[in-house]
Each structure stands twice: as C-alpha cells, then as structure tokens.
Amino acid sequence: VQIADCLASTQNYDEAAQAYEEALCYHIFFRRWKGNSSKSKGQESSCLPAISATNIKLDIANATTMEAAIRSNLARALAHIGQEKLGLEHYEASLKIKRQIGGDGHVEVAHTLMGMGALHGGPLRDFTTALNCFKEALYIYRHKMNELTDENGISGSNRFFADEEADELDGHIQNAVKNIGLIEAALMKDREDGISKKRR
C-alpha cells in the first residue's frame, strides 16, 4: 500500500493501480488464511488458500476498514487510467464496507461519495448520480461540523485539535459545494441543449 501511495503521489497511476490491486489480493489472501487457521483449531494448514486478481469480489461479512481504504485508492488510480467502470465497482464496494462498519453518517462515507461523484460527473457523464453523491457527502460533512461546533467544554490541546478538524471539514464542505455548483451548471446546459434540439 505504501508503494502504491508513493506511485500515486507521483501520478504514476498505471503502476499505482497494479500495486493497490496486489495489496488488495494479499489482504484478502491473509484474511482468509487467518480465518481458515482459526477454524482448524490449532492444527497446521497444509497450504494457503489460493487467490488471484480475478478473485477479489466483495465479501461484506468479512470485509475490513483496510479493504475499504485499498479499494478507494484503487478506484481513484483506475479512474486516472481510463478504467472508470472497474473503478466504480471498487468505489461501490468500499462504500458498502464503510457504511456497514462506520454507519451512513461517517466522514469516510462522505470521502468515498466525493470520489464517486467525481467519477460520475467526469468521465461517466452521469450528472444526476454525481449530484446525489455530492449532496449526500455535503450533508455528512455539515452534520459532522455541527456536532463538532456544538460540543461544549473543549479547552487546551483538545480545542486545538478540534479547530484543526473543523478547518479540514470546512475545506471538504467548500469542495462539495463547488462540485454541486459545477454539476448543476452541467445539468442546466444539458437541458438547454435538449430544448434547442427540439426547437430545431
């Protein structure tokens, strides 16, 4: 994962996607191996379970936060190299995991929704779905901001960290609002173009 992160930070998305996929395979591989080892009740396994890049389907009952994070990063890298549909599959899997583990109002859910919104609103040209993603993310960010600012009795170093978190949330809120504006403008243009074509 760290190698993949470094590759993504240098915009080497082809190799980053390969590294994230490999990391995902290893994560699922060892998760299954650990599960099989515990079922054997102390008996040594003769071999590790087989897994390949084609066998990384979502197992929501056993999914982890690490899997969710890897899938989100893999989705982002795939989107950069023109594999939008595969990227969307990983975003959707990540979103399901995050909703199950953290709940619908978790900030990580909002982060994934922002990535999905960018994918739908950009290369996939599905502006309505993009708008829904950005609006749900905005709702989560604003709710978290309200929770943070409504807390009383925060002082000292705790106040400092709360201020930092509020600044970060404010950045996410502004980004979501900006994206909503861009998508609404694109939807309006599509409607106007449709009306113009009908008049012709």
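I will start with the chain as a whole, then turn to a group of aromatic rings, and end with a pair of helices.

Please keep in mind throughout that this is a predicted model. The chain is built from seven helices and has zero strands, so that, read from the N terminus on, its elements simply run α-α-α-α-α-α-α. Of its 200 residues, 35% count as buried. If we take the contacts between residues at least 6 apart in sequence, 63% of them join residues at least 24 apart.

Let me now turn to the aromatic rings. The structure holds two aromatic pairs. One of them is formed by Y26 and F30, whose rings are stacked, at 6.4 Å centre to centre and with 15 degrees between their planes. Where do Y26 and F30 lie? Both belong to helix α2, which covers residues 13-39, and they sit four residues apart, about one turn of the helix. Y26 has a relative accessibility of 46% and therefore counts as partly exposed, and F30, with a relative accessible area of 38%, is partly exposed as well. F30 also takes part in an aromatic pair with F29, and this pair is edge-to-face, with 5.0 Å from centre to centre and 70 degrees between the planes. Is F29 itself buried or exposed? Its relative accessible area is 16%, and because buried means under 20%, F29 counts as buried. Taken together, the ring pairs link Y26, F29 and F30 into a cluster.

Helix α4, residues 84-102, packs against helix α5, residues 107-121, at an angle of about 160 degrees, and their axes are 9 Å apart. Because angles over 145 degrees count as roughly antiparallel, that is how α4 runs relative to α5. The crossing in which α4 passes α5 is left-handed.

Which residues of the two helices meet? On the α4 side they are E84, G87, L88, Y91, E92, S94, L95, K98 and R99, and on the α5 side they are E108, V109, T112, L113, G115, M116, L119 and H120.

Conventions:
Residues numbered from 1 in each chain as written. Predicted model: local features only at pLDDT ≥ 70, side-chain atom pairs only at ≥ 80, totals over all residues. Heavy atoms only, no water. Phe/Tyr/Trp six-rings, centres within 6.5 Å; stacked < 30°, edge-to-face > 60°. Buried < 20%, exposed > 50% of the residue type's maximum accessible area, 1.4 Å probe, protein only. Axes fitted to C-alpha atoms, helices over the stretch in contact; angles between N-to-C directions. Parallel < 35°, antiparallel > 145°, perpendicular 65-115°, else oblique. Left-handed = near helix turned anticlockwise from the far one by under 90°. Contact = heavy atoms within 4.5 Å.
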